[in-house]
Amino acid sequence: MSLLRVENLEVSFVTRNGTHQAVKQVNFAVEEKQITAIIGESGSGKSVSCYALLGLIPSPPGRIDGGAAHFGERDLLKLTEDELREIRGSEIAMIFQDPMTCLNPYLTIGEQLIEPLRIHKGMSRAEAKIRAVELLDEVGIRSPEQTFSSFPHEFSGGMRQRVMIAMALINEPRLLIADEPTTALDVTIQAQILRLIADLQKHRDIGVLFISHDLAVVADIADHIVVMEKGEVVEAGQPNIIFNNPQHPYTRKLLAAIPSGEREQQSAAREALIKVRDLRTWFYPVGQDAPVKAVDDVSFDIERGEVLGLVGESGSGKSTLGRSIMRLAPITGGSITFDGTDLSGLQGSNLKQFRRRMQMIFQDPFASLNPRMTVYDTLAEPLLLHGVCTRGNLDSHIARLMDDVGLARSFIRKYPHEFSGGQRQRIAIGRALATQPEFIVADEPVSALDVTIQAQILDLLLALGKEHQLTMLFVSHDMAVIRHIADRVLVMYQGKLVESGLVKQVFDAPEQPYTQSLLASIPGAALTL
Amino acid sequence: MSSQVSTDSQGLLDEAEQGASLWQDAWIRLRRNRMAVAGGVTLLLFIILAILTPWIAPYNYEAQDLDLGASAPSAAHWLGTDVFGRDVLTQIMYGGRVSLAVGFIATAVALLIGVTWGAVAGYVGGRVDAVMMRMVDILYALPFMIFIVLLMVVFGRNVLLLFLAIGAVEWLTMARIMRSQVQSLRQQEFVEAAISLGLSPTAIIRKHVVPNALGPIIVYTTLTIPSVMLLEAFLSFLGLGIQPPQTSWGLLISYGAETMEEYPWLLIFPGLALTTTLFSLNFLGDGLRDALDVRGSKD
């Protein structure tokens, strides 16, 4: 018998603009001691389906129109709010994407674990403390005794997620719902958390409902996969069947979108467009003696026409390096030579000349566009500023940019919020191309996007790079993306370059242990088998 | 080539949905908000009345009718008369000139100084920010009354100075609001994108930062105008602001309050004039904030 069986679930959102059916006739089940994964892009209804079960969707506007969710003897959808709260606390536990917002920043980790133990289990303080330390140990936190009196901000994202999992386990739930628990984490940490969830599920015999947008992430751990699109379940089954013989076109699209393979590499020796020598970007935080060495004595060349990948985890300094080259972050030592000119000392109009020749594409397309400027204004700004065109032929230039990045010309008067993430990233790419640059820094340009959109944007970047003979520094934490797009790759760790070489060399025979661990963490090993 | 360009741009404009600038869009949205429109119309009416007062006031401002004394509203005196037999409607109309002028001019002064000061401090940051904001703190710490009294003593009492004095105090909060807005905005990637495009700091503040900080500023402005008008009433009451025979709504209300048990109309009508203005301002302010938010729904 299934631990949780959802039948014909229907959820809709009633707004002034009409009723939107978010979940249509959805069926799935979580078996005892198994991991069921729900896969879908944002807006597919995967989170809504799970939140609706626990009465966690705001109502109004949310409304459950029908269906049943059998959990043991009970139908979750028929319970009162009080009964649901009882179940949420004890039999079903949840972990979320962003652990920071779920922890109280003013209480120590220990306090936050002891409190529920005392309330739910009636333990004394001393007993609760012992139990809390055991839990921390179980979720793989080293030296749990010390951790006990630390505050959440002293932890990394991965550690916080472990604490969240420990809290979820307090009442020994039978079902754990994990909503994108690794999306905000680095790839090596992600691999650890995934392993932890799989281990816990085995040792504790609990069922897990794992929500994710990333097929590769769940490939290794799921026993059963449910693919959702636009509120409907389009395919469900065993992972190996889904991966090897996908029936529904949407599933095939998801699979195809997982970046794989390498580009054809041009090996002809080329001249260096940018030479970075002993670059240092140190920050001096107020009240601390030791500087933060975000980028520490880094030297490398970027050859004209190549796509240079730069990988590392968050905090490795890879983004700062890109921003230093763009002169957005301070340069505290060393030099950056662009086509023979040292950029580090340039000011004013001298710098402006070079700004035209190098542009940046940012990670978050929702933050990198001015919300009060239409597409037209956004694209017109760089064109007019650098005199690429005159007011007279501005319209035709903008039209050409729109065509280049694959946006319909009729969108020209719209504001950024009217676009999807992928479309917004296209606008941002258009803005970067407007000055007709030779060099582009792309800082995690696809990390905020859904997988299928990711693939489209990567292809667009590659095509545009070829067409405009761009040189590109492509910063990413995602090894698979780098392999897909880059010619050469640099690996950064704690502000230093630890490895560099042609993509094929680095991926096939990584020399440094750090690179090896990065490669080992790429999710979806099951997919390539 | 040129024909190519013109067909291109022609196509672009044809296909584009009816284009409109931020301000045109805002205007269209504002017009759909009935309360805001009503507020705006009322305000406009008051302003026109205030401007035309010398020509259309029913009685001479200084004309007294001591025989009549305080009389309730009647056909001759629509809003009644005060203890000296002066027409209340006429007094309210003249008082409105002063109150509205103080409200708008002092707020404009506050807006100009506060927004500029806050935007520069927030955008430049570092030491400049520290110095600029400490100056704001020092001015904050000065007791407001002493500040005004000092100004009045040094420069003599006049209405223009009153505008300046009130404005000089009100801009402090404006500067703080603006600074915190700008500080969070300058971290945004679109500001970094503007830097890497090569825009000058002035252009970035003007095109990217200030428009995005407008929402709270507008709301605060519509709150400032009423508070300035009340401040003027308070100062006048203390004998530091407007002096009889000149008058303002605040002054009329304070006199009316003294005699409200015998002659309630002396309090009610100036009070109504003030509250109507304040309500109108609030509705208009809310409407403006929503209208300027491009993320607001278009339907």
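This is a predicted model: local features need pLDDT of at least 70, side-chain atom pairs count only at pLDDT 80 or more; totals for chains, interfaces and linings use all residues.
Residues are numbered from 1 along each chain as its sequence is written, and chains are lettered from A and ligands numbered from 1 in the order in which they are written.

Me: What makes 126-141 of chain B a helix, α5?
Reply: Helices are DSSP runs of H or I with at least four residues, strands are runs of E with at least two, and both are numbered from the N terminus. Residues 126-141 of chain B form such a run, therefore they are listed as helix α5.

Me: At what angle do the axes of α4(B) and α5(B) cross, and how is it defined?
Reply: The axis of α4 (residues 88-124) comes within 7 Å of that of α5, and the two cross at roughly 145°. Axes are lines fitted to C-alpha atoms, for helices over the stretch in contact, and angles run from 0 to 180 degrees between N-to-C directions.

Me: Which residues of α4(B) and α5(B) meet?
Reply: Among them are Trp117(B) and Ala121(B) in α4(B), and Met132(B) and Met133(B) in α5(B). Residues are in contact if their C-beta atoms, placed from the backbone, lie within 7 Å. The contact residues divide into six nonpolar, two polar and one charged.

Me: Why are β1(A) and β2(A) called paired?
Reply: Two strands pair if DSSP finds at least two bridges between them. Strands β1 (residues 2-15) and β2 (residues 18-31) of chain A share ten bridges in the antiparallel sense, so they pair. Phe13(A) has His20(A) as its bridge partner in β2(A), and the two strands form a hairpin with two residues between them.

Me: Which strands lie at the edges of the six-stranded open sheet in chain A?
Reply: The order is β16-β17-β18-β13-β19-β20, with mixed pairing. Strands β16 (358-361) and β20 (496-502) are the edges, as each pairs on one side only. The twist averages 15° from one strand to the next. Within the sheet, β13 (residues 307-311) and β19 (residues 488-493) of chain A pair in the parallel sense over four bridges, and Leu308(A) stands opposite Arg488(A).

Note on methods:
Two residues are in contact if their C-beta atoms, placed from the backbone, lie within 7 Å. Ala, Val, Leu, Ile, Met, Phe, Trp, Tyr, Cys and Pro count as nonpolar, Asp, Glu, Lys and Arg as charged, and the others, Gly among them, as polar.
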